[in-house]
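Biologist: I am new to this structure and would like to be taken through it. Could we begin with the terms and then go from part to part?

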Amino acid sequence: MIALPPLAPPGVLTSDGHDAAICCFPTKQQYVALVDAFKNDGFEMCVDLCGVDYLEFPTRQLPSGVTPTRFEVVVNLLSLSRRERVRIRVQAGDDEPEVDTLFDVYPGTEALEREAFDMFGVLFTNHPDLTRILMPEEWEGHPLRKDYGSGRIPVQFKQTPGPR
Amino acid sequence: MIDDTVRVAERIDLLTAETSEGEQGLQSRASTSSGQLRREVGAVLRLDGKTLDPSSIDYEVRDDETMIINMGPAHPSTHGVLRLMLELDGEFVLRTKPVVGYLHTGMEKTGEELSYVQGGTNVTRMDYLSPVINELSYSMAVEKLLGIEVPERAVWIRMLMSELNRVCSHLVWMATNGMDLGASSMMIYGLRERELILAFFEKTAGLRMNLNYVRPGGVAADLADGWQDDVTVICDTIHDRTFDYDQLLTGQPLFRQRMVGVAPITAEEALALGLTGPLLRSTGVPWDLRRTMPYLAYDQVDFDVIVGTYGDNFDRYAIRLNEIRESIRIVRQCIEKMPSGDYRSQDPKVTPPPRARIGESMEALIHHFKLFTEGFQVPEGEVYSAVESPRGELGCYLVADGGAKPYRIHVRAPSFVNLQAIPLLMRGGTVSDAITVISTVDPVMGEVDR
């Protein structure tokens with residue numbers, strides 16, 4: 001069992017039944033401080049960061065005390081010395097999701113945060129270069145949002161040939 | 001009078017507008033923020049005593065004496081469509097910025113529209129050099145959510161196929177790396193040996209690449225009769241030929257000059273950047289998920305985790321060459337220890353009824369039809385499963401809402417994260433070193449862009 005960093009407030013830490021990882025639910029204000037505490041606690045690496053849009057699944061299970069918002073940022077930390085993982089899920093907001101960047105704690109989150117911004121429009125405060133990474137720069141909308149329909153743009157090779 | 005629409009040398013803006021990626025590209029130093037600048041010169045560390053103040057970065061040359069050039073997206077050494085923007089002082093690289101996304105096809109969005117049964121065909125196309133391992137990561141995530149057990153034989157078949165796939169992927173790396181450095185005979189040899197494995201894949205799964213062989217609940221088909229002989233031949237042949245590669249490359253002075261001591265990286269830098277796989281192990285960190293967080297039956301086989309010392313190009317080469325030998329060692333143990341039994345779970349939820357039953361039982365027919373049209377439902381929850389791919393930690397983060405399709409599927413692609421090391425590795429080297437850096441980082445663009 002992972003020792004709780006002193007910053008984690010009670011009631012936000014659950015053990016996940018599926019992959020036996022520890023899940024933390026900090027508020028936006030606690031978020032960077034909590035990640036920093038985990039880093040000092042021996043979690044050397046941030047392996048993954050991604051966004052989730054819960055627009056069509058608002059009934060997801062969360063521990064009491066956590067107010068669900070539409071967007072969530074999920075961070076996976078890894079401790080090489082202790083061989084443990086921890087997952088941090090922060091509620092990022094509804095209309096204009098915004099959280100602080102982890103760039104100063106783990107520089108390796110730079111591209112992952114850009115991807116989350118590109119795909120979900122989550123803003124990362126103080127990120128050094130918050131530009132799109134996968135989509136073209138002039139693209140409108142954020143493709144992985146649930147209200148972004150796929151197939152909106154006709155693909156040329158699917159057009160039916162004209163009459164002969 | 002210059003025509004506004006004709007691209008001529010006097011109108012450079014017209015020449016560049018067509019390929020510009022706007023803010024995503026490398027900007028002039030004056031219009032780059034200090035944090036971004038620090039990243040482009042590869043100063044990633046925030047550790048005590050190693051913090052680099054951007055105002056103290058010694059550029060040696062003035063802004064107007066350098067040149068920003070594009071390498072890629074169609075450069076042959078970029079292994080696909082990776083575009084690098086380099087700021088050069090003569091032949092030396094000052095700043096680098098990778099521009100990606102040219103192969104983005106929205107596979108994570110597609111994954112939300114395919115059922116769990118179909119999902120395997122989607123993820124297998126991400127890292128097209130290690131399809132089996134992609135499927136494995138995805139299937140393990142689905143199985144964790146479903147809470148089903150995979151039969152012993154399926155576990156060992158998965159392990160056998162993963163290791164053959166790892167050999168296959170490293171052989172392609174050896175081949176393309178040889179080609180990048182001008183050793184074109186290595187190119188031919190690497191692809192020749194890979195053909196043996198692809199032929200075995202075809203015999204087992206029906207396809208050479210993008211197999212969709214590992215599925216939630218087990219694997220698609222049992223190994224073909226006489227597979228032990230096929231695999232033994234593959235192991236013997238490739239193991240012998242790795243010593244030919246040694247002769248061809250390892251001691252070759254020209255090869256060594258391009259590799260030894262070029263583009264080193266330290267363990268702290270690698271950890272800070274989140275690098276995994278051979279890049280991390282080359283710095284001496286013995287981190288291999290097969291050993292440190294065993295999945296499948298990797299705790300029941302004997303193998304060594306290969307680590308380097310200096311973190312340079314040569315270490316990364318040596319690690320991959322020796323991992324081929326270690327994987328072959330695991331494959332040989334798989335042949336010996338392969339248990340008998342089912343190759344897929346008999347849980348009717350995920351496994352269709354056998355073909356013979358469909359002809360005689362109405363229920364079996366309905367069940368078969370439902371499974372392949374609607375798919376099966378996965379209970380609510382979220383899960384992260386990670387496996388060791390040839391390029392590093394391949395993770396699959398899955399959110400299920402109780403329906404037959406994943407609510408969100410995110411793939412933690414090792415190449416995508418490893419690309420962040422490129423500015424650091426290239427700083428101060430020449431353009432020809434840049435080629436070896438791209439090669440030894442080994443990005444697969446299908447996985448980077450997804």
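Modeller: Let us start with a term for sheets: two strands pair if DSSP finds at least two bridges between them. Helices (H or I, at least four residues) and strands (E, at least two) are themselves DSSP runs, numbered from the N terminus. This is a predicted model, in which local features need pLDDT of at least 70 and side-chain atom pairs count only at pLDDT 80 or more, while totals for chains, interfaces and linings use all residues. Residues are numbered from 1 along each chain as its sequence is written, and chains are lettered from A and ligands numbered from 1 in the order in which they are written.

Biologist: Which strands form a hairpin with B:Gly90 in the turn?

Modeller: The hairpin is made by β2(B) and β3(B), with 2 residues between them, and B:Gly90 has a positive phi of about 65°. These two strands run antiparallel and are joined by 7 bridges, β3 covering residues 92-99 of chain B. Across the pair, B:Glu87 stands opposite B:Arg95 in β3(B).

Biologist: And what joins strand β1 of chain B to β2(B)?

Modeller: There are 5 bridges between β1 (residues 67-71) and β2(B), and the two run antiparallel. One partner pair is B:Ile69 with B:Leu86 of β2(B).

Biologist: How many residues of strand β2 of chain B are buried?

Modeller: In β2 (residues 83-89), 5 of the 7 residues are buried, and the strand is mostly covered. A residue is buried if 20 or more other C-beta atoms lie within 10 Å of its own, exposed if 12 or fewer, and partly exposed in between, with C-beta atoms placed from the backbone.

Biologist: Where is B:Val81 found?

Modeller: B:Val81 is in the loop between β1 and β2 of chain B. It has 19 other C-beta atoms within 10 Å and is therefore partly exposed. Leaving out residues up to four places away in sequence, B:Val81 touches B:Gly72, B:Pro73, B:Tyr102, B:Leu103 and B:Met445. Contact here requires the C-beta atoms of two residues, placed from the backbone, to lie within 7 Å. B:Val81 and B:Gly446 are 9.1 Å apart in space, C-alpha to C-alpha, although 365 residues apart in sequence.

Biologist: Stepping back, how many helices and strands are there in chain B?

Modeller: Chain B has 19 helices and 8 strands. Its radius of gyration is 24 Å, close to the 22 Å that the globule rule gives for 450 residues, so chain B is as compact as a globular protein of that length. That radius is taken over C-alpha atoms, and the rule is 2.2 Å times the number of residues to the power 0.38. Buried residues make up 50% of the 450 residues in chain B. Of the contacts in chain B between residues at least 6 apart in sequence, 69% join residues at least 24 apart.

Biologist: What is the mean pLDDT of chain B?

Modeller: The mean is 85, and 90% of the residues of chain B reach 70 or more. pLDDT is the predictor's confidence in each residue, from 0 to 100. Over residues 45-54 of chain B it stays under 50, and the model has 15 contacts beyond four places in sequence for them. Where pLDDT is low, the predicted coordinates should not be read in detail. The model scores ipTM 0.85 and pTM 0.87.

Biologist: Now chain A. Which residues of helix α1 are buried?

Modeller: In α1 (residues 28-40) of chain A, the buried residues are A:Tyr31, A:Leu34, A:Val35 and A:Phe38. They cover an arc of only 100° around the axis, which puts them on the same side of α1(A). The arc is that of the directions from the helix axis to the C-beta atoms. The face turned away from the buried side carries the exposed residues A:Gln29 and A:Asn40.

Biologist: What do the buried residues of α1(A) pack against?

Modeller: They pack against β2 (22-24), β4 (71-79), β5 (84-93) and β6 (98-100) of chain A. Just after α1(A), A:Gly42 takes a positive phi of about 115°.

Biologist: Which residue has a positive phi although it is not a glycine?

Modeller: A:Arg83 is one of them, with phi of about 55°. A:Arg83 is in the loop between β4 and β5 of chain A.
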